[in-house]
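Biologist: I have a structure open and would like to go through it. Can you take my questions one at a time?

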Amino acid sequence: MTVSLPLVLVLGVIAWAAIKFLGVRLWVVAVVALFGFYLNETFLAPAIDSGTRTGVDIVNGDDRR
C-alpha cells in the first residue's frame, strides 16, 4: 500500500510540533514563512524547487531518470 502525503502537510505538522513541544515562538514561525515567500521571488527559487523535488523523489524511491 502506498501512502502519499503533500509536502505542505508534512511541513505543517513539523511546524505545529515545533511550536507545541519545542517552544518555538509564533513570531519566529511567521518570520521564517515570510522569508520563504520572499525567497520564492529570487533567482534561487528554481534551484530550491529542483532540490526539494529530488529529495522527495529519493525518499519515495522514484527513479524517473
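Biologist: How many aromatic pairs does a search of the whole structure find?
Modeller: The search finds one aromatic pair. Rings of Phe, Tyr and Trp (its six-membered ring) pair if their centres lie within 6.5 Å.

Biologist: Which rings are they, and at what angle are their planes?
Modeller: They are the rings of Trp16 and Phe21, with centres 5.8 Å apart and planes at 85°, so the pair is edge-to-face. Planes over 60 degrees apart count as edge-to-face, under 30 as stacked and the rest as tilted.

Biologist: Is Phe21 buried or exposed?
Modeller: Phe21 counts as exposed because its relative accessibility is 62%. Exposed means over 50% relative accessible area, buried under 20%, and partly exposed in between (1.4 Å probe, protein chains only).

Biologist: Where do these values come from?
Modeller: This is a predicted model, where local features need pLDDT of at least 70 and side-chain atom pairs count only at pLDDT 80 or more, while totals for chains, interfaces and linings use all residues. Residues are numbered from 1 along each chain as its sequence is written, and side-chain values use heavy atoms, leaving out hydrogens and water.

Biologist: Charges next. How many salt bridges does the structure hold?
Modeller: The structure holds one salt bridge, meaning a side-chain nitrogen of Lys or Arg within 4 Å of a carboxyl oxygen of Asp or Glu. Arg53 forms it with Asp49, and the closest N and O atoms are 3.2 Å apart.

Biologist: Why would such side chains pair?
Modeller: Side chains of opposite charge can pair when their charged atoms come close.

Biologist: Where do Arg53 and Asp49 lie?
Modeller: Both are in helix α3, four residues apart, which is about one turn of the helix. Helices are DSSP runs (H or I, at least four residues), numbered from the N terminus. Arg53 is exposed at 54% relative accessibility, whereas Asp49 is partly exposed at 38%.

Biologist: Which residues line the second largest pocket?
Modeller: Asp49 is one of them, and the others are Gly36, Leu39, Asn40, Ala45, Ile48 and Thr52. A pocket is an open set of points on a 1 Å grid over the protein atoms alone, with protein on both sides within 12 Å along at least five of seven lines; lining residues have an atom within 4 Å of a point.

Biologist: Which helix gives the most to that lining?
Modeller: Helix α3 does, with four residues.

Definitions and conventions: Helices (H or I, at least four residues) and strands (E, at least two) are DSSP runs, numbered from the N terminus. On a 1 Å grid over the protein atoms alone, a cavity is a set of points where a 1.4 Å probe fits but cannot get out, and a pocket is an open set with protein on both sides within 12 Å along at least five of seven lines; lining residues have an atom within 4 Å of a point.
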